[in-house]
Protein chains: 4
Amino acid sequence: MSKGTVVLAYSGGLDTSCILVWLKEQGYDVITYLANIGQDEDFEAARKKAESLGAKKVFIEDLRAEFVEEFIWPSVQANAIYEDRYLLGTSIARPCIARRQVQIAKQEGAQYVSHGATGKGNDQIRFELTCYALYPEVKVGTGHLTPKHGIPVPVTPKAPWNITPQKLKNHAPSDLFLMTKSPEDSPNVPDMVEIKFNKGVPVMVTHLKEGTTKTTPLDIFSYLNELGGKHGVGRIDIVENRFIGMKSRGIYETPGGTILYHAHLDIETFTMDREVRRIKQDLGIKFSELLYNGFWYSPECKFLRHCIAKSQENVEGKVQLSVFKGHVYILGRESPGSLYNEELVSMDVQGDYDPCDASGFIKINAVRLREHHRMEREAQLKQ
Amino acid sequence: MSKGTVVLAYSGGLDTSCILVWLKEQGYDVITYLANIGQDEDFEAARKKAESLGAKKVFIEDLRAEFVEEFIWPSVQANAIYEDRYLLGTSIARPCIARRQVQIAKQEGAQYVSHGATGKGNDQIRFELTCYALYPEVKVGTGHLTPKHGIPVPVTPKAPWNITPQKLKNHAPSDLFLMTKSPEDSPNVPDMVEIKFNKGVPVMVTHLKEGTTKTTPLDIFSYLNELGGKHGVGRIDIVENRFIGMKSRGIYETPGGTILYHAHLDIETFTMDREVRRIKQDLGIKFSELLYNGFWYSPECKFLRHCIAKSQENVEGKVQLSVFKGHVYILGRESPGSLYNEELVSMDVQGDYDPCDASGFIKINAVRLREHHRMEREAQLKQ
Amino acid sequence: MSKGTVVLAYSGGLDTSCILVWLKEQGYDVITYLANIGQDEDFEAARKKAESLGAKKVFIEDLRAEFVEEFIWPSVQANAIYEDRYLLGTSIARPCIARRQVQIAKQEGAQYVSHGATGKGNDQIRFELTCYALYPEVKVGTGHLTPKHGIPVPVTPKAPWNITPQKLKNHAPSDLFLMTKSPEDSPNVPDMVEIKFNKGVPVMVTHLKEGTTKTTPLDIFSYLNELGGKHGVGRIDIVENRFIGMKSRGIYETPGGTILYHAHLDIETFTMDREVRRIKQDLGIKFSELLYNGFWYSPECKFLRHCIAKSQENVEGKVQLSVFKGHVYILGRESPGSLYNEELVSMDVQGDYDPCDASGFIKINAVRLREHHRMEREAQLKQ
Amino acid sequence: MSKGTVVLAYSGGLDTSCILVWLKEQGYDVITYLANIGQDEDFEAARKKAESLGAKKVFIEDLRAEFVEEFIWPSVQANAIYEDRYLLGTSIARPCIARRQVQIAKQEGAQYVSHGATGKGNDQIRFELTCYALYPEVKVGTGHLTPKHGIPVPVTPKAPWNITPQKLKNHAPSDLFLMTKSPEDSPNVPDMVEIKFNKGVPVMVTHLKEGTTKTTPLDIFSYLNELGGKHGVGRIDIVENRFIGMKSRGIYETPGGTILYHAHLDIETFTMDREVRRIKQDLGIKFSELLYNGFWYSPECKFLRHCIAKSQENVEGKVQLSVFKGHVYILGRESPGSLYNEELVSMDVQGDYDPCDASGFIKINAVRLREHHRMEREAQLKQ
């Protein structure tokens, strides 16, 4: 008699293998699930290991295309960045992975889902909030199901972009990085590309010298990851604030994401009205927090995605940039629908613009400042 | 009979020389004023030229120390950045320069101030708002006083960090930059420095290899400018939104400011509570807008500076970083008063932290998400 | 030879009559335009007066229905309120009125529009910004066209909801109010109504005792105006901050708007997710500012209206309330799609809710607070 | 052998009496603690009951003065209001009560604190977060200590301002209210008072007819509670969003708080710069959320209190108002340091204000709108 079925997020590593074995010992049927979101992984080895350990079914799912289109692209539109620095790589992946896990659970009639994320991190939260949001009746297998004692805990957490040494004074060793070359070892000649955007989303990338082009979301993102990686772009070493209230050090590499962040910022500022941009900036900060904290599938995050997408309707054009020695340089931009007006901004052409208006503008803006000065002076005189 | 006295912000260039002559022709006494805020300028040549053109008095004022301490330092505390990219170099200088001009006008009994900034830019606004705020009765000599026709307009606006070509598609020529080397020509070996902060403000910079230290604000800032310049740090090419509502291209170099921006962000996130930081982030964005728009001397900007300074009380410690080929890399940080708790964050040490609490935390956070799902399901069933 | 055609916002009063005459004397053809947005006005008398003074054409336009549907309803959705108190009556009317004026100008080939609003108020700004936004080539006839001297200035500005006495210490005389009874003279028995909302907009109002119902936007709004007026609802006496930077006293009456404000707040909080509401609250504050400052026809206000409307998709249900002696009392509410869950909130039913989760939730929320306490204690010990 | 000492927040009611007995049975020493924050309670009866049930020590503490000065006054300065309607009565009391409980626990060497608040409400959170923040090592007696089964749960929760019926359709019975008369039964003649503020805090209240004055914080607050209660001011029936994510109905009465809210809003808008006010408004909203959610003793709330207090430095003057039939009417205000300038705002006096400046101001503000229109037109032409 089975106690029920568990869909386990399985990495093939020691920790989730232990959980698999333990769950079976406790009388559960276990379905393992491994998502391919672009990480460097031996998926077939993981499949074999899961089967050999008694998994009733093994799902290995290629989510790369939907990850880029449905999760990374909205984050690019939002200029998503956590605490001014972190481009949210792992955070974006989590709801994508958990969504598919929940779909499998529903489809296979499983009442339980489980995972190997530890209790102090953000990933557990991101995972579980997604599960509860999409499958409210599900039981999540931490606490209820998984062992607390007597099982070896994971030794080497393997996460593609997220390495967390505890000592803050030590500089991070360069071999932590998997996707990016060290800027010091990167090429001495820049690569220049042009990224074409439509509705705030990249639709084509062109290598300006080689003429290479990429046009599908997955190809574009992979190409920029490769290009950024080659030039050592997107490495950061930060201290961040976790949702559960502690500070932790994070060392991340986001090569493609960093290029896209800069390119999108540029085309957005170029094509979007100043005040729309200002409102959207706040929405993007809020969106980034929600993403970091695991609330992708929340009513407010859905609302924000809608609003942000709306703001992107006219964000189209091309940005030219170079990547070189760890840095992204914006070189120029053009757009069919830009609000940039060469004649208007020119110092040589007067056109419709009357300098007298500027004086009036300034004087009216000064009304309040002068009143404030008057009041302060009066207050001083009274003393 | 003099029509009155004008204090003219005088650069020694063609444009303000024309204004000087014209003002005298109109019957005004002219006092010229030139501020030294660290730009590369032949101050003595400017003095001689002003005198030869009939200036009644010539003021050349070294404002460098007060510029760094009273204007740049608060901006560092605020992580001031306009539209996510521009570090506000010129914007910060303007109220400092205009404040002294107003002081001179009051002290010399001048009813007028004048300047050479053109009618489409931000600098006119920043200048005039400061004048009105600090000397409400002053007449500003654009419109009233200065010539509109028949005077050659300035040909080569010379601004230390601000170069504005009109064509957006063209890449900016490298010789625009005055303070920074091209990253491609910069050294192949990084320099590593440690910046010590107290109350959110740098108090010492140490070159880690050479042992050089700087400890006064002006020395620290000059040294970082030099260091950043040597490594090509802080060049940007952006389109920005001017206060008067048009978009313009700006090509800026802010070598020292860029290093300080990254270093301060790091020490701040390391030492400041997450939620205080979040509130302060919004205040900093607002502060940056005010700075850009010329409202340094406004009640709201004064209020924000007070609040931001308050938030910096515990922002102390040291940040180690390297500068290399146009980029700043944070290497590590330490602080006597950090909220970082190695034991708490460690995955190996359980300590006081109970994983069960995390499950409860997640479940309570999910209450709202599950309710939302319930409602959506009910809504679908009704249809 | 005519100098061109002016469309003049004409009230029939002394001031705009003077402008009409003066414009004709200067050689312009004048088309007068008077909008009916529900104010108490003798429209036919105004028509005759305009004709007798030489207007080439007279437009009297009934904008009441579009005013309610296209301008008031979005403001209700936004909970629009300026500086926490002012329900923005006049501000909402202005873009509606100016839009039609611009349409007439375009249709009649007029190059000019003009109005009688004075230079210190908000209405001039609201009027002119709308004109420039919708008809950028238009010339607005203040400064260019209208007389500055030698014409009697308006003596009794007549504005339906906006009365501005200058003395702040004096209490406003009760006869200032046109739409509302004094609460002291209002009925001693409340009226109770039920307002039904769909997508955040009222679709039916029912008098609970009398059974009267209203179902068109204009009928609903007029009925609530009448009902609120009868009970003295919606009178305020405030000091407000004008866009041009001065403070002014405003005494307003907004009977129907006040009822709708309270009813909408109630149904919105009842049906909207907490965090969506929080984001939308900020958008509504921003929207209110834009409205007050005259930016209805701006890209950012359009963007906000879209986002706010999106937030209202599930805001449906019925609110019961009573109006009595100047106050609105919410009595109860119901909704088919509420997030309110009687079982979940009940103290007697445990259901799915585990009190242990609350303890975990609290403890995790306290992690940060305890760390802060630890740091403060350490800092004290060092001293 | 005692298992340790518990300080129990004891109300004298059935529920906390049960907890007391049960704790003793489990082997704990129990100290009871009852705070007087102005509620209607028989404190001596509670003392006797606690003693008779075996309390080792009984603390009955009069916190009324510190409650008003240290907790209510900062909330008045903040215009604290939750979700636009709830004046946060209970929320403000909780940290005041818990702070004293923690002080007693430390002073008496107690390792435990306990309370009778149930697991679904906000009060448990507010209580426990305060305890953890001020005494991080404390154990809170829910879960660990208190009985989960076999003990009668509280039947009639008695809370001064907070009554929670579950049925939303039913109108709240009038006898729920303890402090306020029904507006229908309240006097037919208004009372008029003048409230004098200094630094945003009331320092004197004067009955305009009777001449009565109150000058201590506690007297002022008590008097306004009485006055508001007499006129039925401050009753609300709302649905609110609890911190734990569920919606609940709350029926509150806050007579004195409502009067102070309106009076403070008025004097603040009168004396504070527009833009400072705008920033402070956001801070106040954030402060209100923190207060509601129990974070009074958090670094961010402390920071906000500091910033808000700073904003109040010039908030001084007198507000005259009347209370009548459930409503507060502002009648007038005066201030020695107001930014209100009669001459500046007057339509009759031109003074220093040039209408031309307003035209320039408007035209510059329209630059952006016209550019937007141009772009939209171009986009349409392309289609």
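Predicted model: local features only at pLDDT ≥ 70, side-chain atom pairs only at ≥ 80, totals over all residues.
**Entry 1: chains A and B**

Residues are numbered from 1 along each chain as its sequence is written, chains are lettered from A and ligands numbered from 1 in the order in which they are written, and side-chain values use heavy atoms, with hydrogens and water left out.

I then listed the contact between these chains, counting heavy atoms within 4.5 Å, and found that 99 residues of chain A and 100 residues of chain B take part. Of the interface residues of chain A, 100% are also interface residues in chain B, so the copies meet through the same surface. The size of an interface is often given as the accessible area lost when the parts come together. For chain A and chain B the buried area is about 9,300 Å², with carbon and sulfur atoms giving 55% of it; I take this as the accessible area (1.4 Å probe) that two parts lose on being put together, summed over both. On the side of chain A, the residues that lose the most area to chain B are Lys120(A), Lys247(A) and Arg274(A), together 8% of what that side buries.

I looked for salt bridges (a side-chain nitrogen of Lys or Arg within 4 Å of a carboxyl oxygen of Asp or Glu), and 14 of them cross the interface of chain A and chain B. One of the salt bridges I noted joins Asp237(B) to Arg333(A), with the closest N and O atoms 2.9 Å apart.

I returned to Lys120(A), which lies in the loop between strand S4 (112-114) and helix H5 (122-134) of chain A; helices (H or I, at least four residues) and strands (E, at least two) are DSSP runs, numbered from the N terminus. Lys120(A) is buried, with a relative accessible area of 4%, where buried means under 20% relative accessible area, exposed over 50% and partly exposed in between (1.4 Å probe, protein chains only).

**Entry 2: chains D and B**

I repeated the superposition with chain D, which can be laid on chain B with an RMSD of 0.0 Å by a turn of 180 degrees and a shift of 0.0 Å along the axis. In chain D, Cys307(D) has the C-alpha nearest the axis, 2.8 Å from it.

In this interface I find 20 residues of chain D in contact with 20 residues of chain B, and an area of about 2,000 Å² buried between them, of which carbon and sulfur atoms give 78%. Ile279(D), Phe303(D) and His306(D) supply 28% of the area that chain D buries against chain B, more than any other three residues. The count of salt bridges between chain D and chain B is zero. Here too, 100% of the interface residues of chain D are interface residues in chain B, so the copies meet through the same surface.

**Entry 3: aromatic rings**

I paired the rings of Phe, Tyr and Trp (its six-membered ring) if their centres lie within 6.5 Å, with planes under 30 degrees apart counted as stacked, over 60 as edge-to-face and the rest as tilted. This gives 38 aromatic pairs over all chains. The rings of Phe71(B) and Trp296(B) have their centres 4.8 Å apart and their planes at 35 degrees, so I record the pair as tilted. It links distant parts of the chain, with Phe71(B) in helix H3 (residues 64-77) and Trp296(B) in the loop between helix H8 (274-293) and helix H9 (299-311), 225 residues apart. Phe71(B) is buried at 1% relative accessibility, and Trp296(B) is buried at 3%.

Tyr82(B) and Tyr292(B) form a stacked pair, 3.7 Å centre to centre with 5 degrees between the planes. Tyr292(B) is buried, with a relative accessible area of 0%, and the charged end of Arg126(B) sits over its ring, 4.8 Å from the centre; the rule requires NZ of Lys or CZ of Arg within 6 Å of the ring centre and within 35 degrees of the ring normal.

I also noted one aromatic cluster formed by Phe243(A), Phe295(A), Phe361(B), Phe361(C), Phe243(D) and Phe295(D).

How values were computed. Least-squares fit on C-alpha atoms with pLDDT ≥ 70 in both.
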